[in-house]
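The following paragraphs lead from the overall fold to individual residues. The sequence and structure are shown first.

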Amino acid sequence: RQEFLSSQVQDLNSSKGQLQQLINRLNVKSRDKFRETFDEIRINFQEIFRKLFGGGKADIMLEDAEDILEAGVEIIARPPGKETRSISLLSGGEKSMTALALLFAVFKTKPSPFCFLDEVDAALDEANNERFNMLLQEFQKDSNFVIITHSKRTMSIAGMLFGVTMQ
């Protein structure tokens, strides 16, 4: 019985070691893939931010952390003619545009055949709404968008329009 139980313990310890090696290999690959994808999203974010704002600068950075997979993401945005600010200090429309730039940067990095957007243009003024619509039209070549909106400008670029009313 002692030999049997000893072999079982040895088998469990061996399995534990193999699992730990597998986890370590997966973590290394995950870190590499995350870094590669993050860098690509970062470049796309900077480009799309400038396109949406007609200039300015933006960046995303990983906050200091021992493990890249546990790090937070810091978003820095500087619309044209303004100082560099934390995203929390931007106006509602600027926050929306910055969030849209990040969303489309991720979308450009890992495209999808369709995307649902619900009232993403609600906080945008006319000029920003126009830039958002231009960006949508650019992405419509590769993806289908279902957009819920009250904006007449956004509705005007739709290929198909469905109206929903309530009593």
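**Fold and overall dimensions**

Four helices and five strands make up the secondary structure of the protein chain. The model is a predicted one. Read from the N terminus, the order of the elements is α-β-β-β-α-β-α-β-α.

The overall dimensions may be considered next. For the protein chain the radius of gyration is 23 Å, whereas a compact globule of 167 residues would have a value near 15 Å. Along the principal axes, the C-alpha atoms occupy a box of roughly 80 × 45 × 30 Å. Among contacts with a separation of 6 or more, 56% join residues 24 or more positions apart.

In soluble globular proteins, nonpolar side chains tend to be buried together. In the protein chain, the largest nonpolar core comprises 29 residues, of which Ile-48, Leu-52, Phe-104 and Phe-145 touch the most other members. At least two residues of this core come from each of α1 (2–53), β1 (57–62), α2 (92–109), β4 (114–118) and α3 (126–139). The largest contribution, seven residues, is that of α1.

Which residues does Phe-104 touch, not counting residues up to four places away in sequence? They are Ile-48, Leu-117, Phe-132, Leu-135, Leu-136, Phe-139 and Phe-145.

**Two individual residues**

Thr-98 is a residue of helix α2. Is Thr-98 buried or exposed? Its relative accessible area is 1%, and Thr-98 is therefore buried, the cut-off being under 20%. When neighbours within four places in sequence are left aside, the contacts of Thr-98 are with Phe-45, Phe-49, Phe-53, Ile-75, Ala-77, Ile-87 and Leu-90.

Glu-119 is located in the loop between β4 and α3. Although Glu-119 is not a glycine, its phi is positive, at about 55°. With a relative accessible area of 26%, Glu-119 counts as partly exposed, because this class lies between the limit for buried residues, under 20%, and that for exposed residues, over 50%. Thr-98 is thus buried, while Glu-119 is partly exposed.

Note on methods. Residues numbered from 1 in each chain as written. Predicted model: local features only at pLDDT ≥ 70, side-chain atom pairs only at ≥ 80, totals over all residues. Heavy atoms only, no water. Rg over C-alpha atoms; globule rule 2.2 N^0.38 Å. Contact = heavy atoms within 4.5 Å. Core = buried A, V, L, I, M, F, W, Y, C linked by side-chain atoms within 4.5 Å. Buried < 20%, exposed > 50% of the residue type's maximum accessible area, 1.4 Å probe, protein only.
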